[in-house]
Amino acid sequence: MAEVIMPRMGDAMDEGKIVQWLKQVGDTVKADDPIAEIETDKSNVEVPADADGVIQSLAFQVGDSVPVGVVIAVIGDGSATVTPDAKPAPKAEPAEEAPAPTPVSVPTPAANNNGSAPAAAVPSAAPKAAPAAVGTAKDFKPYDSFVGLFPENLGGSASLIGAPIVVEGQSQASNERVKATPVARAMAQANNVDLAALRGTGPDGAVGKADVEAALAGGSPASPAPAAVPAPSATPAAPSATAPAIAEGDEVQEYNAMRRTIAKRLTESKQNIPHFYVTAEIDIEAMFALREQVNSSAGETATKISVNDFLVKAVAVALGENPVVNSQFLDNKRIIKKAINIGIAVSIDDGLIVPVVKGCESKSIRAIAKEARPLIEKARAGKLKPEDYTGGTFTISNMGSLTPDVENFAAIINPGEAAILAVSSIRTVPAVVGDAIVPRKRMKVTLCADHRVMDGAAGALFLQSLKRAIENPLHILA
């Protein structure tokens with residue numbers, strides 16, 4: 001018998017959403033046959049079967065969000081139906097609302113109001129005790145995956161294995177009665193947060209993971225403190241800023257996995273990385289002329305070279321001359337990367353994804369173009385694989401390719417890298433050339449850099465190298 005788990009498709013992924021089941025209970029599958037399509041923070045991917053056999057159980061419904069590492073299906077020989085231990089029977093709503101547990105003296109699941117056992121207590125073929133309504137962390141099979149999800153809260157260890165899930169000072173019954181998602185409930189239990197004290201922002205007022213994270217970030221108490229009687233004051237009290245008011249007619253849009261990841265990771269980047277910015281204006285007349293010449297001389301079947309391809313190669317040359325920019329901050333150390341792997345920020349519907357062209361230091365412009373084009377197409381189609389968007393050492397965000405009206409902007413560093421280049425629109429501006437003022441095509445670029453890794457002088461030297469490479473493009477046409 002084999003268990004299929006929710007895979008981790010990238011370091012930032014902590015849960016995936018079931019988009020569709022490609023196989024149903026009773027279907028025969030071979031190893032590597034796709035059985036489900038899931039939505040991750042980057043793209044939609046197929047989850048394959050790990051073994052030959054028959055689908056005996058599907059633990060979740062379409063639309064359910066599942067933490068990484070949790071069993072989503074069981075493959076067996078078709079002799080019996082098995083309910084995975086990692087998750088109670090599928091439910092229609094992502095939030096759950098359970099009755100208060102009944103005290104028990106032995107590890108036996110509490111009965112529901114109708115006297116029947118809860119879905120999680122369906123006995124499996126193996127002789128295993130079902131988890132109690134109030135049990136221990138070792139009774140909860142996907143616990144290890146939650147340790148991985150919240151290392152900053154659990155210390156990154158399994159020290160809580162075997163300890164009661166109900167922690168001192170927290171009302172288990174109170175938390176059980178509150179409507180909340182499974183991830184939020186597990187996170188609240190691990191951090192002594194009373195769900196009843198939180199305002200749920202999910203469907204039907206359900207408490208979600210973001211609500212618990214907000215409470216932890218704000219230092220909210222585990223249970224609501226008694227309201228204090230305000231002292232008389234002549235000055236009216238300022239309105240609370242803890243939650244924005246939602247007026248009648250406002251549209252509330254739920255974030256998908258990608259949007260939630262963007263919000264989380266870029267907030268962490270801006271809060272934890274001391275950004276500084278250096279801007280330069282670059283003349284691209286020579287690069288434009290050379291690009292036209294190269295594309296016109298190539299055959300009809302040859303890959304055309306874009307401005308972005310020139311930028312990627314020019315950045316690779318500049319990084320080779322300034323390796324400190326192609327680095328990473330880690331534990332008060334600077335890790336200078338040997339390979340130059342350049343990410344290209346691609347705007348998609350309500351999101352942003354960064355496919356990576358690897359080994360740019362040794363690739364020609366045409367080779368970069370041949371690799372970048374299909375990566376960008378896969379990004380827009382939501383078909384990127386983890387190896388397509390991981391391993392980057394530097395990122396280019398070219399907003400000028402979207403509109404001609406961006407004069408200048410700054411970007412936020414992709415966590416795990418030391419810098420990002422913000423590229424603005426190509427604009428025709430009056431410029432002094434020799435003794436004359438003439439119209440020239442120019443663009444502004446801004447290096448957004450991690451001050452823990454480099455200082456302003458290093459950023460200026462990088463832009464100097466980049467400007468030289470772009471304004472003398474024959475040197476990079478290899």
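1. Helix 4 first. V183, A184, R185, A186, M187, A188 and Q189 of this helix are buried. The model is a predicted one.

2. Past the end of helix 4, look at N192. This residue follows the helix and has a positive phi, near 60 degrees.

3. Overall make-up. The protein has 478 residues, of which 41% count as buried. Its secondary structure comes to 11 helices and 19 strands. Take the contacts between residues at least 6 apart in sequence: 64% of them join residues at least 24 apart.

4. Cysteines. The structure holds 0 disulfides. A disulfide is a covalent bond that links the sulfur atoms of two cysteines. C360 has a relative accessibility of 0%, so it counts as buried. C448 is buried too, with a relative accessible area of 0%. For both, the cut-off is under 20% relative accessible area.

5. Helix 8 against helix 11. Helix 8 covers residues 307-321 and helix 11 covers residues 456-471. They pack at an angle of about 135 degrees, and their axes lie 8 Å apart. That angle makes helix 8 oblique to helix 11. An angle has to be over 145 degrees to count as roughly antiparallel. The crossing of helix 8 and helix 11 is right-handed. On the helix 8 side, the contact is made by L311, A314, V315, V317, A318, L319 and E321. Helix 11 contributes F462, S465, L466, R468, A469 and I470.

6. Helix 8 against helix 9. Helix 9 runs over residues 365-380. Here the packing angle is about 120 degrees, with the axes 9 Å apart. Helix 8 is therefore oblique to helix 9. The range for roughly perpendicular is 65 to 115 degrees. Helix 8 passes helix 9 in a right-handed crossing. D309, F310, V312 and K313 of helix 8 make the contact. Their partners on helix 9 are I365, I368, A369, A372 and R373.

7. A point on the spacing of contact residues. An α-helix has 3.6 residues a turn, so residues three or four places apart point the same way. On helix 8, the contact with helix 11 includes L311, A314, V315 and A318. On helix 9, the contact with helix 8 includes I365, I368, A369 and A372.

Methods. Residues numbered from 1 in each chain as written. Predicted model: local features only at pLDDT ≥ 70, side-chain atom pairs only at ≥ 80, totals over all residues. Heavy atoms only, no water. Buried < 20%, exposed > 50% of the residue type's maximum accessible area, 1.4 Å probe, protein only. Helix = DSSP H or I, 4+ residues; strand = E, 2+ residues; numbered from the N terminus. Contact = heavy atoms within 4.5 Å. Disulfide = S-S within 2.5 Å. Axes fitted to C-alpha atoms, helices over the stretch in contact; angles between N-to-C directions. Parallel < 35°, antiparallel > 145°, perpendicular 65-115°, else oblique. Left-handed = near helix turned anticlockwise from the far one by under 90°.
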